[in-house]
Amino acid sequence: MSGFISIIIGIIITLSSSLIFTASAVAAIGLDNGHLAACPSSPNCVVSQDGDEKHAVEPITYKSDRTTARETLLKVLSVVPRTEVIEDTDNYIHAESTSRIFKFVDDAEFYFPEDENAIQVRSAARVGESDLGVNRRRIEQIRLAMQDLGV
């Protein structure tokens with residue numbers, strides 16, 4: 001019986017720790033006084049606002065007006081595999097991308113400051129240490145798609 005109890009306790013600890021890690025990642029989503037959250041120390045995140053050398057990525061610039069850029073970004077996100085827009089306001093978009101095999105969820109955020117012709121971006125894995133560069137590549141692919149569409 002004590003072996004069974006040990007297994008149950010192990011399962012509870014595992015589930016609890018995964019919920020703690022997920023909750024802390026989710027808490028970093030959103031805008032705070034016009035800024036996206038900073039990246040954690042792990043290498044599975046990129047951010048265009050105040051990012052350190054390891055996490056920095058350029059914002060996505062555009063030549064059109066903000067509304068056109070936002071609508072174009074939404075079209076691009078609609079064709080990114082396994083990606084769903086979760087929140088969409090006039091100056092902020094939050095999307096979730098789910099990996100094909102292990103079903104890991106990454107959060108991609110896009111902020112449209114009023115005084116810039118740029119989309120500030122943040123993309124981060126919710127759990128784990130390394131993402132093998134997936135979040136950086138996702139942002140760069142979205143940037144290329146926006147450029148190809150002439151925004």
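## Close-up views of a predicted model

**View 1. The lining of the largest pocket.** Helix α2 (66-79), strand β6 (92-98) and helix α3 (134-148) each supply at least two residues of the lining of the largest pocket. The structure shown is a predicted model. α3 gives the largest share of this lining, with six residues. In total, 26 residues line the largest pocket. By type they divide into 13 nonpolar, seven polar and six charged.

**View 2. The centre of the largest pocket.** The space in the largest pocket amounts to about 640 Å³. Which lining residues lie nearest its centre? They are R82, S99, D106, V134 and R138. Helix α3 spans residues 134-148, and the lining takes six residues from α3.

**View 3. The whole chain, for orientation.** The protein chain has three helices and eight strands. Read from the N terminus on, the elements follow the order α-β-β-β-β-α-β-β-β-β-α. The chain has 151 residues, and 36% of them count as buried. Among contacts with a separation of 6 or more, 52% are between residues 24 or more positions apart. The accessible surface of the chain is about 9000 Å². Carbon and sulfur atoms account for 58% of that surface.

**View 4. Confidence along the chain and the stretch 8-26.** Average pLDDT for the protein chain is 87. A score of at least 70 is reached by 82% of the residues. Over residues 8-26, pLDDT stays under 50. For this stretch the model has five contacts beyond four places in sequence.

**View 5. V47 in strand β3.** V47 belongs to strand β3, which covers residues 45-47. Is V47 buried or exposed? It counts as buried, because its relative accessibility is 1% and the cut-off for buried is under 20%. Leaving aside residues up to four places away in sequence, V47 touches L36, A37, C39, H55, A56, V57, V121 and R122. P59 is 12 residues from V47 along the chain, and the C-alpha atoms of the two are separated by 8.3 Å.

View 6. The loop between β2 and β3 holds A38. A38 is exposed, because its relative accessible area is 56% and exposed means over 50%. In sequence, A38 and G51 are 13 residues apart. In space, the distance between them is 6.7 Å, taken C-alpha to C-alpha.

**View 7. N33 between two strands.** N33 sits in the loop between β1 (31-32) and β2 (35-36). Its phi is positive, about 55 degrees, although N33 is not a glycine. Most residues other than glycine have a negative phi. N33 counts as exposed, because its relative accessibility is 74%.

View 8. Where does L132 lie? It is in the loop between β8 (118-125) and α3. L132 is a residue other than glycine with a positive phi, near 60 degrees. The relative accessible area of L132 is 72%, so this residue is exposed.

Terms used: Residues are numbered from 1 along each chain as its sequence is written. This is a predicted model: local features need pLDDT of at least 70, side-chain atom pairs count only at pLDDT 80 or more; totals for chains, interfaces and linings use all residues. Side-chain values use heavy atoms; hydrogens and water are left out. On a 1 Å grid over the protein atoms alone, a cavity is a set of points where a 1.4 Å probe fits but cannot get out, and a pocket is an open set with protein on both sides within 12 Å along at least five of seven lines; lining residues have an atom within 4 Å of a point. Grid points are joined across faces, edges and corners, and a volume is the space filled by probe spheres set on the points. Helices (H or I, at least four residues) and strands (E, at least two) are DSSP runs, numbered from the N terminus. Ala, Val, Leu, Ile, Met, Phe, Trp, Tyr, Cys and Pro count as nonpolar, Asp, Glu, Lys and Arg as charged, and the others, Gly among them, as polar. Buried means under 20% relative accessible area, exposed over 50%, partly exposed in between (1.4 Å probe, protein chains only). Contact means heavy atoms within 4.5 Å. Accessible areas come from the Shrake-Rupley method with a 1.4 Å probe; for residues, only the protein chains shown count as cover. pLDDT is the predictor's confidence in each residue, from 0 to 100.
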